[in-house]
Amino acid sequence: MKNKINYIIIILILVLTLFSFPDLQAEEIKKLDYQILESYHHDPRAFTQGLEIHNNHLYEGTGLYGRSSLRKVEIESGQVLKQINLAKEYFGEGITILNSKIYQLSWKEKTTFVYDLNFNLIKTFSYQREGWGLANNGEQLIMSNGSEIISFRDPETFELLKKIEVKNGDQKIKNINELEYHNGFIYANIWQTDYIAKINAQNGNVTAYLDLSGILKTDYDGEIDVLNGIAYDPANDNFLVTGKLWPKIYRIKIIE
């Protein structure tokens, strides 16, 4: 009996190892550094699923059934300036803004909501599998589904245009979550870790990673969840990062 239990434990350890982020270190990958420039208040009730900066305001998509929303937020104060709530049967996921339209995914409901900048619903799209992260490269929507696959889609029809596989050498990197695109690279939260992967948007190769372990420094004793949410700020050439149910959002400079 003891040998059987030991065998099960070994199998569990192997499975956890296979799905852990250190797979990225199987080949030489550059580790990025960062500097915290500012910290701001973040609604600790917001289960952050997507972040985007547009015209110096923060747009945020939040999740959980019965609590999912789309928000426009003043960065410095954390004040929610505008908010709409999704119907209780939808679990909100990633968001992005392209051509003055806001796109918001849902998790298992296979529905993309498209709004104008005043949060008026314009239309919806359907897709296969799950919806996780969303970004854009100025022409196409970039979407993750929790696997190692990132897809590129037409913003007018949501038609699938191409896919890339996120990998380090021959190893597939799964659990790709919230996304941000900047200067030819996709920055991706790896779900259930404190890592952000820097991915070549052409071929899916992970070129570097950022370890944000310990960035949340607070005496807040409420519930917190995993790191999730990254938005590039073009006006200041840096990034905002936060997590699900975090009381803080951080402005950081990524150091190559």
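Ala, Val, Leu, Ile, Met, Phe, Trp, Tyr, Cys and Pro count as nonpolar, Asp, Glu, Lys and Arg as charged, and the others, Gly among them, as polar. By this division, the lining of the largest pocket comprises six nonpolar, six polar and two charged residues. The model is predicted, so that local features need pLDDT of at least 70 and side-chain atom pairs count only at pLDDT 80 or more, whereas totals for chains, interfaces and linings use all residues. Residues are numbered from 1 along each chain as its sequence is written, and side-chain values use heavy atoms, with hydrogens and water left out.

A pocket is defined on a 1 Å grid over the protein atoms alone as an open set of points where a 1.4 Å probe fits, with protein on both sides within 12 Å along at least five of seven lines; lining residues have an atom within 4 Å of a point. Of the 14 lining residues of the largest pocket, Glu52, Ile53, Ile97, Asn136 and Glu180 are the closest to its centre. Strands are DSSP runs (E, at least two residues) numbered from the N terminus. At least two lining residues come from each of β2 (48-54), β6 (92-98) and β16 (176-182), and β2 gives the most, with three.

Isoleucine 224 lies in the loop between β19 (206-211) and β20 (227-233). Its relative accessible area is 44%, which means partly exposed (buried is under 20%, exposed over 50%, with a 1.4 Å probe and protein chains only). Contact requires heavy atoms within 4.5 Å; beyond four places away in sequence, isoleucine 224 touches Leu216, Lys244, Leu245, Trp246 and Pro247. Isoleucine 224 and lysine 244 are 20 residues apart in sequence, with 6.5 Å from C-alpha to C-alpha.

How values were computed. Helix = DSSP H or I, 4+ residues; strand = E, 2+ residues; numbered from the N terminus.
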